[in-house]
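Colleague: I would like to go through this model with you. Could we begin with the overall picture and then turn to particular residues?
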Amino acid sequence: MKKLVALIVALCMVLCCTAALAEDTYTVGVVQLVQHPALDAATQGFVDALTEALGDKVTFDVQNAQGEPATCSTIATSFVANEYDLILANATPALQACISATTTIPILGTSVTDYATALADEAMDATVGTGINVSGSSDGVPAQLYADCLLELVPEAKKVSILYCSAEANSVLQADQFIECIKAAGVECTVFTFADSNDLQSVVTAAADGFDAMYIPTDNTAASNMTIIANVCQPAGLPVICGEENMMSNGGLATVSISYYNIGYMAGQMAYDILANGADIATMPIAYADQPVKEYNPEYAAAIGFTVPETYVAYVPAE
């Protein structure tokens with residue numbers, strides 16, 4: 001009888017340990033709007049942070065929507081159907097798709113400029129948490145810094161074009177904020193929007209004609225097509241101020257730069273806190289990047305015969 005009891009106890013211990021191990025494993029879905037270096041870096045930062053913290057206890061399902069918001073929705077729905085433990089939404093359209101797909105699974109965003117805009121909730125105070133199953137990290141940089149950058153580089157500018165994809169809510173917000181910041185300097189701004197990459201060439205051509213400079217916010221469609229933009233703007237000798245470093249490096253003059261790897265890493269740390277420590281995502285404030293840095297692209301500057309002040313850091317491609 002004692003042997004039987006001991007056997008039952010041992011069996012229970014094995015079952016408990018097996019259950020505990022199962023509880024300690026997690027599946028995380030990642031939906032990334034489009035493939036370009038900034039979003040790729042954010043995804044990598046997220047994966048690295050969570051892997052460093054959890055090792056082989058976490059499994060990732062990383063999927064790319066190839067720039068299609070509808071595909072973001074399809075991916076998000078599949079993550080919910082598979083009952084994943086947490087979802088990372090990389091870029092605003094991806095976040096919006098995930099919010100529509102679930103109100104229970106924790107959703108962390110990254111590469112999202114303004115969560116109030118993304119969540120369509122003007123009353124939301126991102127500094128104290130969203131109050132729902134959403135939090136994350138932001139790539140937001142104050143619009144005034146971009147306005148200052150343009151006026152510092154092109155002090156004689158009177159006419160500035162602004163280029164972005166009309167389907168990206170955070171691009172609209174950034175453009176509006178930029179206009180508000182720069183209008184005090186007496187600069188006339190003209191907005192040029194494109195629906196997708198198919199009409200980008202013609203829109204860029206119009207936006208480069210007769211303007212002193214161009215501003216492009218952190219627009220994902222533009223970021224994926226900077227070669228098209230550069231092929232028009234560089235021969236025109238147009239200074240292009242971009243929303244982030246990788247856009248600039250692929251066809252712009254200057255930017256106010258943050259590290260997308262770092263904001264992805266921040267989101268990964270938040271994910272660990274949620275999964276391993278049971279943190280309540282509804283109370284987690286949005287994380288923001290460290291102090292931005294003014295950078296310029298030496299190749300573009302040389303191509304348009306432009307001299308950049310010494311206060312700007314020259315962009316050096318990673319080896």
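Colleague: What share of the residues of the protein count as buried?
Modeller: Of the 319 residues, 49% count as buried, where buried means under 20% relative accessible area, exposed means over 50%, and partly exposed lies in between (1.4 Å probe, protein chains only). This is a predicted model: local features need pLDDT of at least 70, side-chain atom pairs count only at pLDDT 80 or more, and totals for chains, interfaces and linings use all residues. Residues are numbered from 1 along each chain as its sequence is written, and side-chain values use heavy atoms, with hydrogens and water left out.
Colleague: How many helices and strands are there in the protein?
Modeller: The protein has 13 helices and 13 strands. These are DSSP runs numbered from the N terminus, with H or I and at least four residues for helices, and E and at least two for strands.
Colleague: Which residues touch the most other members of the largest nonpolar core?
Modeller: They are L153, L163, F178, I216, I229 and C233, in a core of 56 residues. A nonpolar core is a set of buried Ala, Val, Leu, Ile, Met, Phe, Trp, Tyr and Cys residues joined through side-chain atoms within 4.5 Å. A second, separate core of 25 residues includes L39, I75, I87 and A89.
Colleague: And what is I216 in contact with?
Modeller: Apart from neighbours within four places in sequence, the contacts of I216 are L163, A222, M226, I229, V240, I241, C242, G243 and M247. Contact means heavy atoms within 4.5 Å.
Colleague: Where is S224 found?
Modeller: S224 is in the loop between α9 (220-223) and α10 (226-233). At 30% relative accessibility, S224 counts as partly exposed. Leaving out residues up to four places away in sequence, S224 touches V34, Q35 and H36. The C-alpha atoms of S224 and A38 are separated by 9.8 Å, although the two residues are 186 residues apart along the chain.
Colleague: How much space lies in the largest cavity?
Modeller: About 110 Å³. On a 1 Å grid over the protein atoms alone, a cavity is a set of points where a 1.4 Å probe fits but cannot get out, whereas a pocket is an open set with protein on both sides within 12 Å along at least five of seven lines; lining residues have an atom within 4 Å of a point. Grid points are joined across faces, edges and corners, and a volume is the space filled by probe spheres set on the points.
Colleague: What volume does the largest pocket have?
Modeller: The largest pocket has about 270 Å³. Among its 17 lining residues, G67, E68, P69, D196 and T221 are the closest to its centre.
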